[in-house]
Amino acid sequence: MSLYGYIAADAGTNCICDLRSDTMTKPSAGMREAMIAAPLGDDVYGEDPTVARLEQELAARLGKDAAVFFPTGTQSNLAAVMAHCGRGDEMIVGDRYHLFCDEAAGVSVLAGVSMNPVPVSDDGGLDPDRITAAIKVDDPHYARSRLLSLENSVGGRVVPLDRIAAGVKVARKAGLAVHLDGARFFNAITALGCDAATFAAPFDTVSVCLSKGLGTPAGSVLVGPNSMMGQIRRNRKILGGAMRQSGVLAAAGLYALEHHVPQLAEDHARAARLADALRSTGIGEVQCQTNMIFLTPTPEDHARLTSHMAQAGVKIGGQSPAIRLVLHRDVDDDALDAAIRAFQSFPPST
Ligand SMILES: Cc1ncc(COP(=O)(O)O)c(C=O)c1O
C-alpha cells in the first residue's frame with residue numbers, strides 16, 4: 001500500500017473493477033479518435049486552435065471571460081492562488097480540502113502564501129462565522145488575508161449553493177477574492193441539476209478537472225476574468241506548465257464535455273446502487289453522494305475486506321477508517337455486479 005493510502009497497482013492482477021478513483025478512467029474510443037483528428041499548433045505561441053476552442057468553450061459554459069488550459073488540477077489551483085495572493089499573503093481554506101491536504105503545500109513552498117485552515121462542516125462547506133473569525137485585521141504582525149478558497153464537490157458531497165453564497169458574502173465584505181477548486185465541477189452540477197454559469201457565478205476563478213470522471217488522460221482548465229488571464233498565463237509558465245501541441249489533450253477535453261458530461265448521471269446512479277447493496281451487507285456504515293461512497297468497516301475487518309476484494313479482482317482504496325469507493329465511466333454494470341457480489345461474499349466479523 002502506498003503512503004497515500006491507496007492499494008498499490010499490483011494488488012490483484014486480475015482486476016475486473018477498479019473503485020479506487022475516477023482518475024483511473026482511460027480515454028474512450030471516441031475520445032482517442034478525437035485526439036488523433038485534432039488540429040494542432042504550438043500553444044506557447046498561442047497557435048493551437050484546439051486548446052483555444054477548449055478554453056473558449058469552458059469560459060462560455062461557466063459564464064466567465066476567459067480560461068487557461070493546465071496539465072493538472074494541482075497546477076491550476078496553484079496558479080490561481082499565485083494570481084490572487086502575493087508572498088506573505090494568506091488564504092483561508094477548508095481543513096479537508098485538496099488544496100490544503102493533498103497538494104504538497106505548493107502554495108507555501110512555491111508562492112510564499114500561508115494557508116489558514118477552517119474546519120470543514122459535515123456538508124463539505126465552511127461555516128461563515130468561522131470564515132469571519134479566520135480573516136485577519138490589517139496589522140503588520142499578521143499575514144494579509146487575501147483569498148477564500150472553496151471546494152465543491154467535497155469527497156463526493158455537493159455543498160449547497162446557499163452555504164457557498166453565505167461564505168462568499170463574508171469574504172467579499174472583507175475584500176477577499178474567492179477561488180473554487182471545482183475538480184469535480186460537472187459531477188456537482190449534475191447532482192444539483194444546476195447550470196454551469198450559476199454554479200460558477202460566486203467565484204472569481206474556478207479550476208475544473210477533465211481527468212477525473214470526465215475521462216481525459218490529463219488536463220484542467222482555470223476560468224476567470226480577462227483582467228487575471230495575463231498573470232495566470234505567466235504563472236503557468238513559471239510553474240513549467242506551458243505546453244506545445246497540447247491540443248491533443250484539449251481535444252479529449254472537448255470530446256468529454258460533449259459526450260461524457262451527459263453520462264455522469266450514470267456514475268451517480270451506479271454509486272447509489274452500490275451504496276444500497278452495501279447497506280444490506282452489514283459490513284459497515286455507508287455514505288454516498290454523487291459518484292463516491294465512503295464505507296466504514298470495523299477496524300478488525302478493514303484489512304481483511306481490502307484483501308478479500310483484491311482476491312475477487314476488485315480494487316478498493318486503503319484509506320482508514322472510511323474506505324472511498326468511486327464510480328466512474330470505466331465501471332459498467334457488469335463490473336459493478338461483480339463488485340457487489342464480492343462485497344456480499346465478505347463475512348463481517350460482527
Ligand atoms: C478535489 C481535487 N482538487 C484537485 C485535485 C488535483 O488534480 P490533479 O491530480 O490533476 O493535480 C484533485 C485530484 O484528485 C482533487 O480531487
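Predicted model: local features only at pLDDT ≥ 70, side-chain atom pairs only at ≥ 80, totals over all residues.
1. **The ligand shell.** The residues around the ligand are T72, G73, T74, N77, H98, E103, E151, D181, A183, R184, C209 and K212. By type, the shell divides into 2 nonpolar, 5 polar and 5 charged residues. Helix α3, residues 73-84, gives the most to the shell, with 3 residues.

2. **Polar pairs at the ligand.** In T74, a side-chain N or O atom is 2.6 Å from an oxygen atom of the ligand. D181 places a polar side-chain atom 2.6 Å from a ligand nitrogen. For K212, the distance from a polar side-chain atom to a ligand oxygen is 3.0 Å. On its own, the ligand has 390 Å² of accessible area, and the protein covers 80% of it.

3. **Two domains.** The chain is divided into domain 1 (17-26 + 264-344) and domain 2 (29-261). Domain 1 is therefore made of two stretches of sequence, as its bounds are assigned. The domain centres, taken over C-alpha atoms, are separated by 28 Å. Across the boundary, 15 residues of domain 1 are in contact with 17 residues of domain 2.

4. **Helix α8 and the residue after it.** G193 follows α8, and its phi is positive, near 65°. The helix itself spans residues 185-192. Within it, F185, F186, N187, A188 and I189 are buried. These buried residues pack against α2 (49-62), β6 (177-182), α9 (196-200), β7 (205-209), α11 (247-260) and α12.

5. **The D333 and R270 pair.** D333 lies in helix α14, residues 333-344. R270 is found in helix α12, residues 264-279. Their side chains are joined by a polar contact of 2.8 Å. D333 is partly exposed, at 37% relative accessible area.

6. **Neighbours of that pair.** Leave aside residues within four places in sequence. D333 is then in contact with R270 and R273. D333 and E266 are 67 residues apart in sequence, yet 9.9 Å apart in space from C-alpha to C-alpha.

7. **Cis peptide bonds.** Where do the cis bonds fall? One runs from N152 to S153, with omega near 5°. S153 lies in the loop between β5 (144-151) and α7 (161-173). Another joins S320 and P321, with omega about 0°. P321 sits in the loop between β11 (314-315) and β12 (323-326).

8. A105 has a phi near 55°, a positive value in a residue other than glycine. Its place is in the loop between α4 (98-101) and α5 (106-111). A105 is partly exposed, with a relative accessible area of 29%. T290 is not a glycine either, and its phi is about 45°. That residue lies in the loop between β9 (284-289) and β10 (292-297). T290 counts as buried because its relative accessible area is 9%, under the 20% cut-off.

Notes
Residues numbered from 1 in each chain as written. Heavy atoms only, no water. Near = heavy atom within 4 Å. Polar contact = N/O pair within 3.5 Å; in protein donor to acceptor, adjacent residues only side chain to side chain. Areas by Shrake-Rupley, 256 points an atom, 1.4 Å probe, with all protein chains shown as cover. Helix = DSSP H or I, 4+ residues; strand = E, 2+ residues; numbered from the N terminus. Nonpolar A, V, L, I, M, F, W, Y, C, P; charged D, E, K, R; others polar. Buried < 20%, exposed > 50% of the residue type's maximum accessible area, 1.4 Å probe, protein only. Contact = heavy atoms within 4.5 Å.
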